[in-house]
Amino acid sequence: MAFYFIFWDGVGLGKNDPVSNPFLTADLPTIRSLFGGNVPTAKFKKFISETVSLSPVNTTLRVPGLPQSGTGQTAIMTGMNASKFVGKHFGPHPYSTLIPVIKEKNLFKQLHSIGKSSYFANGYPQKYLDFLFGPKGRIPTIALSYLSAGGTLNSHEEINRRSAISADISGTRWHELGHPDVKPITPVESGRLFATLAKNVDLIYFEYFVTDHAGHSQDMAMSVEMLERMDGFLSGILESFDYDNDILLMISDHGNIEDLSVKTHTMNPVPLVVIGKRHLQLSSRIKNLTHVTPAVLSYFQSH
Ligand SMILES: [Zn+2]
């Protein structure tokens, strides 16, 4: 039994408008095949089949203003309404008073306490790791969670050994990042690798932040490319997916890429995607970001 957790940053349910919404212009055969030929949008936000569910998830958490990554990711990772706790949406880094909460209540740590293992599959360039652990470094929510649960962050070495995944799925920028020895792979190969790594642990986690970056850039070509990479990644995972026993959950912290007419985040709900025969056990419990971690934990407690 594998549990795939994919977090993609800045992906909401947008309008049915190909000028502003790259979901409508990108070539997304895997995503379309999951949802009867459709892509997730504000109009097509709910879908349930025997093996897949799509549903909208609220990210505003009853706090005014545009949702941000620091509070949104903390809500996902801990189940706490971090925006309400801080009194505003805050990001991209975790707000100082949230750091002890993240360290104590994150998903990886809670899984560990019920005897379940997890693996944060991203691999970081050495320069970024040096920055993170340097005097000015601020560790992002998901990495902080994993570290506080006793995990270590992967570098280019694990990517080269094929035991970690590049943050952009394909690893096309490693030469610019100081590691020309790391060769790019196709999104499908990257998905297959992720599926192989998933066999060793109870839950495997991948963070894909380039979707948020593409949204802020308001760059349609880049946005299309980043969505198509995710589509290929999913197809690589699904090749060996055991629908009876495996689960794949995909969630985002706030909208962004689905509306390239603005360079900011959006208030749009985000699509929750759950794949696997037992998808309803998760999707029926998740209406806003704070429900994700409790739903995942109760899933593990009942299996
Ligand atoms: Zn952002």
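Angles between axes under 35 degrees count as roughly parallel, over 145 as roughly antiparallel, 65 to 115 as roughly perpendicular and the rest as oblique. The model is predicted, so that local features need pLDDT of at least 70 and side-chain atom pairs count only at pLDDT 80 or more, while totals for chains, interfaces and linings use all residues. Residues are numbered from 1 along each chain as its sequence is written.

Helices (H or I, at least four residues) and strands (E, at least two) are DSSP runs, numbered from the N terminus. Axes are lines fitted to C-alpha atoms, for helices over the stretch in contact, with angles running from 0 to 180 degrees between N-to-C directions.

| Helix pair | Angle | Axis separation |
|---|---|---|
| Helix 9 (residues 187-198) and helix 11 (residues 220-238) | about 45 degrees | 6 Å |
| Helix 2 and helix 7 (residues 141-148) | about 40 degrees | 9 Å |

Helix 9 and helix 11 are therefore oblique to each other, and helix 2 and helix 7 are therefore oblique to each other as well. Where contact means C-beta atoms, placed from the backbone, within 7 Å, Gly70, Gln73, Thr74 and Met77 in helix 2 meet Thr141, Ile142 and Ser145 in helix 7.

In helix 13 (residues 292-301), the buried residues (20 or more other C-beta atoms within 10 Å of their own, C-beta atoms being placed from the backbone) are Val292, Thr293 and Val296. Viewed down the axis of helix 13, these residues fall within an arc of 95 degrees (taken over the directions from the helix axis to the C-beta atoms), so they line one face of the helix. Their cover includes helix 2 (69-78), helix 5 (107-113) and strand 9 (247-251).

How values were computed
Buried ≥ 20, exposed ≤ 12 C-beta atoms within 10 Å, placed from the backbone. Contact = placed C-beta atoms within 7 Å.
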